[in-house]
Amino acid sequence: MTITDFLCIIPLLIIAIAPIVIMIVISVLRNYEIVFAFSVLSLLSGFASVFIFFPFSPHSIEPLFIIDGFSLFFLGIIFFSALLVTLLSYEYIKQLSGAREEYYIILFTSTLGASLLAVANHFVLLFLGIETLSISLYVMIAFQKSKDQSIEAGIKYLVLASVSSAFLLFGMALIYTVFGTMQFTGLVSAIANLGQLPPLFIFGFGMLLLGIGFKLALVPFHMWTPEVYQGAPAPVSAYIATVSKGAVMAVLIRFFFNIKGFDNQSIFVVISGIAILSMFTGNLLAIRQQNIKRLLAYSSIANMGYLIIILLTGSDKGIQAAVFYLIAYFITTIGAFGVISLLSTKALEAEKISDYKGLFWKRPWIAIVFTLSLLSLAGIPVTAGFIAKFYVIFEGMKAGLMVLVFSMIVNSVLGLYYYLRVITTLFSKENEPDLPALSITGNITLAIISLSILLLGIYPGWLIDLIVRYVSL
Amino acid sequence: MILVYLIGILLTGAFLAWLAGSRSPVWSRIIAIVAIGLDLILILPFIFQSVSTGSKWIVDYKVDWIPAFGISFHLALDGLSLLLLLLTFFLGLLAVIISWKEINDKAGFFHFNLLLILAGIVGVFLSLDLFLFYFFWELMLVPMYFLIGIWGHENRIKASYKFFLYTQASGLLMFVSILAIYFIHGNSTGSYTFDYLQLLGTVMSPATAFLIMIGFLAAFLVKLPVVPFHNWLPDAHTEAPTAGSLILAALLLKTGAYGLLRFVVPLFPSASATFAPIGMLLGVTGILYGAKLAFAQTDLKRLVAYTSVSHMGFVVLGVFSFNELSYQGVVMQMIAHGISTGALFIMAGQLSERIHTRDLNQMGGLWEKAPVMGSIGLIFSMASLGLPGLGNFIAELLILIGAFGANVLMACLASLGLIAATIYSLRILQKVFFGEKNHDWKINDLSLREKIVSASLVIVIVGLGLFPKTVFNIAKPALLKTLDNQKEINMLNSKPDKGETASETISFFQKAK
């Protein structure tokens, strides 16, 4: 291992060492504030270290790791989202009874799993990352031991995730049989020699897609989403919607572009079908939801549907659009779940839409943040979501994917309908909810989120330039 | 740079008004007035410049916004946008003044939304970058939704939904068209840009051009609105608070008309010529159907809302007549309708503040109680039916003359609309101010504040009727520019018919041999 190798994985090391330190600290002294502060600091330094190592990229550590602009960007996104989720968890986890410090250990292990996915160049690392991530997530989802719903969601996720992992493994094995390599870059040359993808490989890719589709909650592998989102603690739902999906998306994009899946007719059709189905299913089922967490779950299904359009663009520009979309979507989603977690108390999870009636009149500030997040999810201008949607539509049209672009547009209108329903509830005058006061960390987080949403909506040029400069495969 | 200030002042004002609102509503009202007033003062000097600059842009400002996509922050002012800006700021001021008593709940947030809508409208009237245009087009939407949804009347939720979904859905179609024209232009010339001036001469096959134009039309015709797509309008107008109705009717509808003049006709000269017969038919349908529905209403605000549908029919008719006369009429109609319908909505607001109903059957005989209000109502009903001497008369007359040159049948049908307008306008007067007293209302006549508002509107509408030339002079260069392309198309189409050109063609062929 050379010194550059070592330097390049420092961001990962920080995230790997942090939970060990926390474990040791807990065994000596249980103090919630110290653990929380240490977690925030570690994530901050992890985030900062990503920028320091840009000059060393691209660099690959054979055979597992690849550290290029793409993976560094995803590391940055993952750490930043994990940081926001940590900040939001402070109040929420604090009010739980029993051992609470362990939450942060699991948060770190799952973040580590996610980071592995971002740098994976090999099936082994892919599987390692996905398992680290999923196993940590079971615990996080079921963290509220006293709540039946939480346990139920955890078990559901455990069972379904294990099945999907089995498919994933099967897919990997099949692809290995065909090409005799598990390295993504190795596949590139193997496929280039063949010219055409062999049927067994396509079958293997299908299995792989099934496993990954489960993690991304794409239709028809989406059944778990609403229950898990609803049962999990609100910050954890935010985490699943962002960090976990983002990391899996990163590895999917890398793999898909390496094997040039968009050139294959049948893969193209299947992905288009999944995209369109996900959009429509997500949005149509969201319309009638009375529970805000379920609504956001369905909305996330639709959003992943929009996002996989870019797989079919088959260009670096498309990947850049995906990265921007993910950044915007993460900030927005964490904003929405952040409001939910900040307004939830031990006694009452603020999850029914009716709980938010008249929020604006009592808590104008938090209602505005919520509105901003929902408008951004709907893709209304001035918010980050608008530029993100524009970017995807733009690249989609450039690649001539008119059917997908049109169904995305139809779905934007459908989506708007249910987001507006929530916004209307916030501003209705009927009943004034009784809600807890916000903590300082909560206020700061929401301020960061709403400023980022506006900044990316009004002046996205700098981020787009950054992405265009560094992100490519 | 001054154009950026116009929008900047409104945005800053919006935030200040919101902050001030938590201390006292009066402060947020004052801030709103100062912000709009400042803008009005800033653009007044351009009135004198506009005539001398001719066909060029009076002010032009351009900086890069998102260079990766070829999006720039490009604002420019010409006679057409200048007139609409004057209208915007004037009515914006009135909107603040008329809600002085009506809005007491969350006044800070109200004025925030109001100023944000105005900023969006100003942006729409000034943008010369299609992406920026769409950005502002959507920016108007959310605050208007709040205005209706929070401060509106009983059925405000449904109305605000309808408004948002109609506009957003049609806007997205326009967005796809914007992207399509961007890619077509980029692929053929190699320069990918959203800049209006560069996209102007984009070469497209007729079928493509027509399809892309439909996307633009969708947005503008829904906003205007034109008859099959007018469903959102009566609800939104009726349920909005007075200031909201005023802005909707007087300004938001005009953004649709402006879009037709600024974008549809210049960008798609031949496609819009192909569409012209359908466009004119839609216009006439709007005129007659709107008038018929207006006549059938019992809710005063709803009635006035339907008259808007009818009046906007004239705008569509004029736009697709493609001649200078009708275009002058269209611009006049945009302004005069803004003033007269705005005034009628203000009157409806004043009435419902006093008697707490908008039901025409409950009213009657109010002239005795409120003669000043009655005479104001009389003037604007007359304006609405097109009485000579008031702005609307000039506008509708010019549109009809212009349309007569383009399509005799349509012009004849449209002129029936004037009779219908007479009927519904007189019905307003009959039901509200004359006729039998249904209730023994005890109401006050207009207060000084309301008198000032009404008087200023009367002055403008009479001024438009007596000195229309001022408006014509300001608008002329911009309109001629719009028509330029159209003339070429017409000439191309009509060439074979004319003897002279035919002989030229023949001689050309002989030479070629």
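User: Leaving aside its neighbours within four places in sequence, what is A:Ile309 in contact with?

Analyst: Keep in mind that this is a predicted model. Once those sequence neighbours are set aside, A:Ile309 touches A:Ala275, A:Val392, A:Gly396, A:Leu401, A:Leu404 and A:Met408. The cut-off for a contact is C-beta atoms within 7 Å.

User: Which residues have the most contacts inside the largest nonpolar core?

Analyst: A:Ile309 is one of them, along with A:Leu117, A:Ala247, A:Tyr325, B:Leu115 and B:Val331, in a core of 374 residues. Helix H14 (residues 316-343) of chain A gives this core its largest share, 19 residues.

User: What makes B:Leu114 count as buried?

Analyst: The cut-off is 20 or more other C-beta atoms within 10 Å. B:Leu114 has 30 C-beta neighbours inside 10 Å, so it counts as buried. This leucine sits in helix H4 (residues 107-126) of chain B. Leaving aside neighbours within four places in sequence, B:Leu114 is in contact with B:Ala32, B:Ala95, B:Val96 and B:Ala243.

User: How do you know that A:Val382 is buried?

Analyst: The threshold is 20 or more, and A:Val382 has 20 other C-beta atoms within 10 Å, so it is buried. You'll find A:Val382 in the loop between helix H16 (364-378) and helix H17 (384-398) of chain A. Its phi is near 85°, a positive value in a residue other than glycine.

User: And what makes B:Phe322 buried?

Analyst: Here the number is 24 other C-beta atoms within 10 Å, so B:Phe322 is buried. B:Phe322 belongs to the loop between helix H13 (300-319) and helix H14 (324-355) of chain B. Phi is positive for this non-glycine residue, near 55°.

User: Which residues of H3(A) are buried?

Analyst: They are A:Val35, A:Phe36, A:Ser39, A:Ser42, A:Leu43, A:Gly46, A:Ser49 and A:Val50. They cover an arc of only 160° around the axis, so they lie on the same side of H3(A). A:Glu33, A:Ala37, A:Leu41, A:Phe51 and A:Ile52 are exposed on the other side. The cover over the buried residues of H3(A) includes helix H2 (10-28), helix H4 (69-94) and helix H5 (102-119) of chain A.

User: How do you know that the span of H9(A) agrees with its 18 residues?

Analyst: The rule of 1.5 Å a residue says H9(A) should span 26 Å; its end C-alpha atoms are 25 Å apart, which agrees. Among the buried residues of H9(A) are A:Phe201, A:Phe205, A:Leu209 and A:Lys215. The elements covering the buried residues include helix H6 (123-141), helix H7 (148-179) and helix H11 (234-258) of chain A. After H9(A) comes A:Ala217, with a positive phi near 60°.

User: Which peptide bond involving A:Pro220 is cis?

Analyst: That's the bond joining A:Val219 and A:Pro220, where omega is about 5°. A:Pro220 lies in the loop between helix H9 (199-216) and helix H10 (224-231) of chain A. Another cis peptide bond joins A:Glu62 and A:Pro63, with omega about -5°. A:Pro63 is in the loop between strand S1 (59-61) and strand S2 (65-67) of chain A.

User: Why is chain B called as compact as a globular protein of that length?

Analyst: First the make-up: chain B has 21 helices and two strands. Its radius of gyration is 23 Å, close to the 24 Å that the globule rule gives for 513 residues, so the description holds. Of those 513 residues, 58% count as buried. Along its principal axes the C-alpha trace spans about 90 × 50 × 40 Å.

User: How many residues of chain B are in contact with chain A?

Analyst: 22 residues of chain B are in contact with 21 residues of chain A. H7(B) supplies the largest share of the chain B side, 10 residues. By class, that side has 19 nonpolar, two polar and one charged residues.

Conventions: Residues are numbered from 1 along each chain as its sequence is written. Chains are lettered from A and ligands numbered from 1 in the order in which they are written. This is a predicted model: local features need pLDDT of at least 70, side-chain atom pairs count only at pLDDT 80 or more; totals for chains, interfaces and linings use all residues. A nonpolar core is a set of buried Ala, Val, Leu, Ile, Met, Phe, Trp, Tyr and Cys residues joined through C-beta atoms within 7 Å. A residue is buried if 20 or more other C-beta atoms lie within 10 Å of its own, exposed if 12 or fewer, and partly exposed in between; C-beta atoms are placed from the backbone. Helices (H or I, at least four residues) and strands (E, at least two) are DSSP runs, numbered from the N terminus. Two residues are in contact if their C-beta atoms, placed from the backbone, lie within 7 Å. The arc is that of the directions from the helix axis to the C-beta atoms. The radius of gyration is taken over C-alpha atoms; the globule rule is 2.2 Å times the number of residues to the power 0.38. Ala, Val, Leu, Ile, Met, Phe, Trp, Tyr, Cys and Pro count as nonpolar, Asp, Glu, Lys and Arg as charged, and the others, Gly among them, as polar. The expected span of a helix is 1.5 Å times one less than its number of residues.
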